[in-house]
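Good morning, everyone, and thank you for making time for this.

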Amino acid sequence: MALVLLAGSARALNLTTDCFTLPTAGEYYKLQNNVGAAETCFAVTADNITVDCNGFTINYSTSAAGYGVTTNSTNTTIENCVVNQTTVTSPSSGIFFTVSANAGLIYNNSVKTISDSGYGLDLN
């Protein structure tokens, strides 16, 4: 992961190539390639985080139930993603905002599920 400061902003641009938990408030993550995870790819656990897939694909739940992106935080933005469930596992959702997530933005995404109990977008 590379770190670049955005001009005129206190936010850092993190160029990422892997799935992982996003625990630092105020960060901007931009994908540089397609990514995949056995269960959940990105778990947002801090406020004011942006996940910009930059047109790349998140393959999630390749072997167990999970999420493409899940958040329990305030002001999460998920944009420019292609989110695909790759194995029939239940329950699985492409984008999941838990009951404690507030004021999020989901913009310009495509989500595909293949499970009977899966949801493309789950706003719990």
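Let me begin with a term that we shall need again and again: a residue is called buried when its relative accessible area is under 20%, exposed when that value is over 50%, and partly exposed in between, with a 1.4 Å probe and with protein chains only taken into account. What we have here is a predicted model, in which local features need pLDDT of at least 70 and side-chain atom pairs count only at pLDDT 80 or more, while totals for chains, interfaces and linings use all residues. Residues are numbered from 1 along each chain as its sequence is written, and side-chain values use heavy atoms, with hydrogens and water left out.

First, the chain as a whole. Its secondary structure comes to 0 helices and 15 strands, where helices (H or I, at least four residues) and strands (E, at least two) are DSSP runs numbered from the N terminus. The radius of gyration is 13 Å, close to the 14 Å that the globule rule gives for 124 residues, so the chain is as compact as a globular protein of that length; the radius is taken over C-alpha atoms, and the rule is 2.2 Å times the number of residues to the power 0.38. Of the 124 residues, 42% count as buried.

Now to the cysteines: how many disulfides does the chain have? The count comes to 2 disulfides, a disulfide being a pair of cysteine sulfur atoms within 2.5 Å. In general, such a link is a covalent bond between the sulfur atoms of two cysteines.

One of them joins Cys19 to Cys41, with 1.9 Å from S to S. This pair links distant parts of the chain, 22 residues apart, with Cys19 in the loop between strands S2 (12–16) and S3 (20–22), and Cys41 in the loop between strands S5 (35–36) and S6 (42–44). The link is left-handed, with -80° about the S-S bond.

The other disulfide is formed by Cys53 and Cys81, whose sulfur atoms lie 2.1 Å apart. Here too distant parts of the chain are linked, 28 residues apart: Cys53 sits in the loop between strands S7 (50–52) and S8 (57–60), and Cys81 in the loop between strands S10 (77–79) and S11 (82–85). With 75° about the S-S bond, the link of Cys53 and Cys81 is right-handed.

Why does Cys53 count as buried? Because its relative accessibility is 0%; Cys81 is buried as well, with a relative accessible area of 2%.
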